[in-house]
Amino acid sequence: MAKPRLSFLRGLRFRLTLANGIFLVGLLVFLGLFFRGVLSLILDNQIRDILDEEWYAVKGYLIIHRGEPEWRYDPEDREEELIVKRMQQVFFLADAKGRKITASETFLDLGLVAEPDVVAALASKQPYWLEKRSSAGELFRIRGGMFVDDDNKAYFVAIGRSKAASEAILAEFTRDYQRLLPAFILSGCLLGWLVAGRAIRPVHELARTAERVSGDNLSLRIPSRGSGDELDNLIRTFNSMVERLESSFQMTRQFNADVSHELRTPLTAIRGQLEVALFTAKTKEQYREAMINALEDVERLSQTVRAMLLLSQAEGGQLALQRTVFDLAEVTRDIVDEFQIPAEEARVEVVCESDSAVGIEADRIQIERLLNNLLSNAVKYTPSGGKVVARVNSRGEEVVLEVEDTGMGIGADHLPHIFDRFYRVPGASKEKQGLGLGLSFVAWIVKAHGGSIQADSAVGKGTRFTIVIPAGARAGAQEATSPALQRS
Ligand code: ADP
């Protein structure tokens, strides 16, 4: 039961809201403290101004005669009397050494100003400010300073005022702010929750679409929101991934269909041969012939299976290249030599034109297989009297291999498909047709070596395959596992 609750807490929306909430609490607490500080400063300044005025007013009413204070005012004047009474309430008089001469009861309760402080204050000639708390907890602001009597003797006079009213205002501000704070935080979090929900909605849409994507439903795409932000980028990446998956599924499906078709044909033929042997053959010769035909089909079948296996291993990345350094021109000449006998039989001329030596670091067996496939196709699809040329040249860091024939050519409709597995151009005579896997292999070998292949053809005139491969081993990084073959 705890699991779904925990997963909610791990959710992006919750975490975004939480982060926003924490930030908001921090910000509001900081702002509260800041404004409280400013308010306290303003209130304190007000009291200081009043005290400053009062302190100077003391000089008008106080006379110190032989160290004794005497207050002078008109007792008939009610206002004056009140002013002096106020001054006397929090009052302290000390001599130049800080010794108490007189102090009001309130001042005694607050605690006298320390003697060294008095001496220092008199020496500085600056107003002396102090805050003190009474035994009842009431805060007072004290203002002291130098007072000179008629005999030019210096004294220290301090008066004070309660800060109870300021403290009450501050307490009220704090109380009100604390009351409002939860409401601020709650509405901030709610807003954060809504905004976070809006921001991650596309992520949910993405997840929902991803859930619906299956082998049968790969045409699904999430529409881009056009905002160009990270989520749009994610949507683009997701869509292109589904696109790649779709083409890969399509290829697999096609491959399965091709394989079943390729296997069914020889299997049907074998079955036919065996039925002939079983039901119609009478003589030993007839049995023999049926068996030979069946064996030929079995051979073709196993060839297909072998080639398919090899190709799927290659494209699945299980066939690692065994690179060695060799002379491609020499290898090409050798293979061209091997083709002389079948070429003579077909009355096709096969020649090799090459630089004296073309060094390459590559998998020799695979390069030989590539040459074999290209040359056998060229000989196969070139009528008698034609010519096949294999050309090898160095071009900077690359090696260029061309196999050109003056054969029947390939129509523009078919040219883009000749590298597909089992693709055979329709129309070629039955005995000429191979498995339709040769060029798929060629394309894989080129790709695995980090090169490119191009086919140019004109029907009735001939075909030219141009392969460009890096001469060094730096192509290794691109060793292909992808079935998407490179054609340029
Ligand atoms: P196959 O085993 O049928 O030759 P490939 O994959 O080698 O299969 O070739 C695919 C198809 O491309 C062939 O069936 C053929 O129709 C066409 N093709 C290949 N090479 C040539 C060529 N040199 N001239 C004309 N057509 C060619």
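I listed the buried residues of helix 8 as Ala 290, Ala 294, Asp 297, Leu 301, Thr 304, Ala 307, Met 308, Leu 311, Ala 314 and Glu 315. Buried means under 20% relative accessible area, exposed over 50% and partly exposed in between, with a 1.4 Å probe and protein chains only. Helices (H or I, at least four residues) and strands (E, at least two) are DSSP runs numbered from the N terminus.

I note that this is a predicted model, in which local features need pLDDT of at least 70 and side-chain atom pairs count only at pLDDT 80 or more, while totals for chains, interfaces and linings use all residues. Residues are numbered from 1 along each chain as its sequence is written, and side-chain values use heavy atoms, with hydrogens and water left out.

**Helix 8**

I checked the span of helix 8 (residues 284-315): its 32 residues reach 46 Å from first C-alpha to last, close to the 46 Å expected at 1.5 Å a residue. The expected span is 1.5 Å times one less than the number of residues. Helix 7 (230-280) and helix 12 are among the elements that cover its buried residues. Just after helix 8, I found Gly 317 with a positive phi of about 80 degrees.

**Cores**

I looked up the largest nonpolar core, which has 55 residues; Leu 370, Leu 375 and Ile 467 have the most contacts inside it. Such a core is a set of buried Ala, Val, Leu, Ile, Met, Phe, Trp, Tyr and Cys residues joined through side-chain atoms within 4.5 Å. Helix 12 (residues 438-448) gives this core its largest share, eight residues. Domain 2 (251-315) and domain 3 (323-470) each contribute at least three residues; the domain bounds come from an automatic or database domain assignment.

Not counting residues up to four places away in sequence, Leu 370 touches Leu 401, Val 442, Ile 445, Val 446 and Ile 467, where contact means heavy atoms within 4.5 Å. I also recorded a second, separate core of 16 residues, including Trp 55, Tyr 61, Phe 147 and Ile 159.

**Cavity lining**

I identified the lining of the largest cavity as Leu 328, Ile 367, Val 399, Leu 401, Ile 467 and Ile 469. On a 1 Å grid over the protein atoms alone, a cavity is a set of points where a 1.4 Å probe fits but cannot get out, and lining residues have an atom within 4 Å of a point. Strand 12 (398-405) and strand 14 (462-470) each supply at least two lining residues.

Conventions
On a 1 Å grid over the protein atoms alone, a cavity is a set of points where a 1.4 Å probe fits but cannot get out, and a pocket is an open set with protein on both sides within 12 Å along at least five of seven lines; lining residues have an atom within 4 Å of a point.
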